[in-house]
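Subject: Structure handover

Hi,

Here is the structure for you to look over.

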Amino acid sequence: MDKFIIEGPTPLKGTISISGSKNAALPLMAAALLGDSPTTLQLVPKLQDIYTFNNVIRVTGTRVDFHETENKLVIDPANLGFTEAPYDLVRKMRASFYMLGALVGRAGEARISLPGGCAWGPRPVDLHLKGFEEMGISIELDKGYVMASIQGDEVEGGEFTLNPSSVGATVNLVLGAVKRAKKFVIKNAAKEPDVVLLCNMLTKMGANIEGIGTSELTIRKVDSLKGVEFSNDPDRIETGTFMIAAAMQPGSDLTLTGCKPSDLGEFPKSFKKLGVILDINDTEIRIQSSSAIKPVSISTEVYPGFPTDLQAQWATLMTQADGESRITEKIYFDRFSYVPELNRLGADLRVEKNRVIVKGKTELEGAAVMSTDLRASVSLVLAGMVAKGTTEVLRVYHLDRGYENLEHKLNAVGASIKRVAEN
Ligand code: UD1
């Protein structure tokens, strides 16, 4: 296992190129299984979660070639003959559960391990399962596995309301419906850019989906889908994370290239309130920090609201703001595992139910910290870059799941982050 040794503080100056989105790539990879011919995906990031999902897909007999230097992934499902996703792979990554929709769509049956909980509490899949049943797909649970099957080639479909709105359930139900449901309507569907991108790719493959980008999706089955060439989108969470990194460090002037600012929803609105200089054009974002940042309270919401995947980073930023702020989590109520670790560095954060109160202007000092999930880990890196002295962030394998070349990208603009093996 590796750890990071970070020396701070270091202003960030220069240019960082944004990688392809992890969360958007995974549904596209699952969709490729529905094609009658190979699919080529561009802008696929080299991340542990992508390697894990490649292996999940390979279990089915599908051929997966990752041309890593080009970030190009070729998926050929011609020999898909086994419709199972085993526990030892699903437990490594919850998104493997997308295999349920993909395999039912492809083969009419699937046996998928139920994912477990995760570091920020229970993360149920009840909506996925109820949605499939509503569609007319038979679901049985047996020894930790979900068995899904349909009789004949198609199901009637129907209508299902997601409450709450769920990215994962929307993705899974769309994957399951496009080749199987006569007509299926998803109400309160997720509108996140990842879902829109998936629907656009499926449409290019030949699917019939109405209402893309709205909260009501209507899917009518088509008999076949073809493989396509399709580009993934840049990672909006990586983009937001680097914007926050620059705003936190006085003296920073950072340009992010290869971005898709329109995917950031209302995040820039909160960001502008900090008092830093922000220039956004079609594919580039420039952040010039100021010597003092204002406290800005936020509340996470479904897209286009403030993303839960930037909540921990924002709380970290607020430790440097000129006053108190409140961070309210409305998607995952107890996603606060980073709080005690930030406090170890000298921050002053207090959790009250689903809210963190952050006292601003705290001087952070280096210490050893550890975290249990991806976004919490990156927050500790951000904090370490501001803290005086040496910070050790343990268990950086969490970061390797979701940030491509994190330390190389940050070191190239002035950070001092060393990766060493943990003893
Ligand atoms: C995805 C993202 C994750 C992000 C989250 C919210 C991926 C791989 N992961 O996760 O990074 O933090 O969206 O933007 O894309 N829920 C249920 N029952 C269900 C499913 C969800 O109650 O069957 C609830 C969840 O507990 C949560 C809310 O719905 O409170 C939203 O979760 P969801 O959008 O499904 O998150 P994921 O797709 O798992």
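A residue counts as near a molecule if one of its heavy atoms lies within 4 Å of it. This is a predicted model, where local features need pLDDT of at least 70 and side-chain atom pairs pLDDT 80 or more, while totals for chains, interfaces and linings use all residues. Residues are numbered from 1 along each chain as its sequence is written, and side-chain values use heavy atoms, with hydrogens and water left out.

Ligand site

There are 18 residues around the ligand; Asp126, Ser166, Val167, Asp309 and Ile331 come nearest. Domain 1 (2-19 + 234-421) and domain 2 (22-220) both contribute to this shell, so the ligand lies between them. The domain bounds come from an automatic or database assignment. Helix H5 (126-135) gives the most, with three residues.

Polar contacts are pairs of N or O atoms within 3.5 Å.
- Ile331, polar backbone atom: 2.6 Å
- Asn23, side-chain N or O atom: 3.1 Å
- Arg335, polar side-chain atom: 3.4 Å

Alone, the ligand exposes 740 Å², and the protein buries 83% of that (Shrake-Rupley method, 1.4 Å probe).

Second largest pocket

A pocket is an open set of points on a 1 Å grid over the protein atoms alone, where a 1.4 Å probe fits, with protein on both sides within 12 Å along at least five of seven lines; lining residues have an atom within 4 Å of a point. The second largest pocket holds about 310 Å³, the space filled by probe spheres set on the points. Its lining has 16 residues, with Met248, Pro250, Gln320, Thr362 and Val386 nearest the centre.

Best wishes

Technical notes
Polar contact = N/O pair within 3.5 Å; in protein donor to acceptor, adjacent residues only side chain to side chain. Helix = DSSP H or I, 4+ residues; strand = E, 2+ residues; numbered from the N terminus.
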